[in-house]
Amino acid sequence: MPGPDTDPPESTDIAIVGAGAAGLAAAIFTRRSIPSRSVLLLDGAARPGAKILVSGGSRCNVTNATVTERDFCGGKSTIVRRVLRGLPVPDTIAWFRELGVPLHEEAHGKLFPDTNRSRDVLEALLREANAAGAAIRSATRVHTVSRTAAGFSLETSRGPIHARRVVLATGGQSLPKTGSDGAGLEIARALGHTIVPTTPALVPLTLAPDEVLHAQLPGVAQEVELSVWVNGAIGRRDRGALLWTHFGVSGPVVLDVSRHWLRALLEGHQARMTISFLPDERFETLDARWTSIASTRPRTSVSSALSGLLPVSVARALLDRLRIDGTVSLADFPRANRRRLTHALVASPLPITGSRGYSYAEATAGGVRLDEVDPSTMESRRTAGLYLVGEMLDVDGRLGGFNFQWAWSSAKVAANALAARS
């Protein structure tokens, strides 16, 4: 309790902790719906929205043309579907157009601002939050949130704040330099929530330093198919662009499968990964093709034939990895080596050693258990008056704007519920 010579704690109707995508959207939607209620947006960073700025190669993949619960992992799909209905994609597009950020569609349904500038997205959100009357308090880290008879007490780096209701929008643990360092998950835990153990998601993966492929191929991109094997069975198979790097592998297909490999390890399963350099081929058909080429062009070297199927640099690296002499003609190519090469082309082991961690991850897998939140309101089932939105929940989308759509939709659902209770 404040003493007789101290100022009383600052108070607000609604405190939103975290000024990232979900927090800014929640502030805008809430103030628009209930302008009579004060909204205080708190963020530990000196400049909120850093994660928005770096997203999508600094272009900000705002959403996707088609978003369904099948684009997400983590919590129950029925809950995800219900939340997504709170702000469908057409409404999201219209909302951004209203904010002065028209969007255009690119490959795989990805929607970007017409200016291709993530800064325009952030500035529009900050501008609208201010216009709606939300007070934004940067460089204000929230240390604890506790329940009181009148609502909540927030202990911050700038002193205590009382709030009738609280929205937690602190994100997960990806890109911790932007402020998403997991502290919000501990606040949720202290308020009675279960935290599903977290791992990076949408993250580049590392290979052993002596692995021939990535050592010879940094900067080379190609279309492949990756399979994640869990306890001897295929748990996930994805096709897309892979980028060989100095540390291992990156690119869209790697980012999408990364969470599945990491989650399998976290859960104590045996996990491995294989790569198909020719996604449309299977062993039998490819082996028959080698035989056919050998019969029509017997003097063709193994290296030349392989370079007709793969980028030259990849063909050379793969032959080096298998220790196969590429100068040998197809007519003299031993059957055992031919079959080894065929196996490697369609299901070559990819010796993943780990990931580049949260500092390079675009999302977090795990977080607050989704069934501990009411999907019709985003209100906690553990602590009345507490709402949870965005990435801190146990929901993570694949690459392509899906995690941003989850942020916008969950924020809208929470704002509607806050308005209904005002």
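In strand 14, Leu-243 is the bridge partner of Ala-221. This is a predicted model in which local features require pLDDT of at least 70 and side-chain atom pairs count only at pLDDT 80 or more, while totals for chains, interfaces and linings use all residues. Residues are numbered from 1 along each chain as its sequence is written, and side-chain values use heavy atoms, without hydrogens and water.

Strand 13 (residues 221–230) and strand 14 (residues 233–244) pair in the antiparallel sense over 10 bridges; pairing requires at least two DSSP bridges between two strands. Strands (E, at least two residues) and helices (H or I, at least four) are DSSP runs numbered from the N terminus. The open sheet comprises 7 strands in the order 17-16-13-14-15-12-18, with antiparallel pairing. Its edges are strand 17 (348–349) and strand 18 (352–355), each of which pairs on one side only.

Helix 8 (residues 252–266) packs on the sheet, and the strands it touches include strand 13, strand 14 and strand 15 (248–250); contact means heavy atoms within 4.5 Å. The direction of helix 8 makes about 145 degrees with that of strand 14, where axes are lines fitted to C-alpha atoms, for helices over the stretch in contact, and angles run from 0 to 180 degrees between N-to-C directions.

In helix 9, Phe-283, Leu-286, Asp-287, Trp-290, Ile-293 and Ala-294 are buried, that is, under 20% relative accessible area, with exposed meaning over 50% and partly exposed in between (1.4 Å probe, protein chains only). These buried residues pack against helix 10 (302–307) and helix 12 (335–347). The face turned away from the buried side of helix 9 carries the exposed residues Glu-284, Ser-295 and Thr-296.
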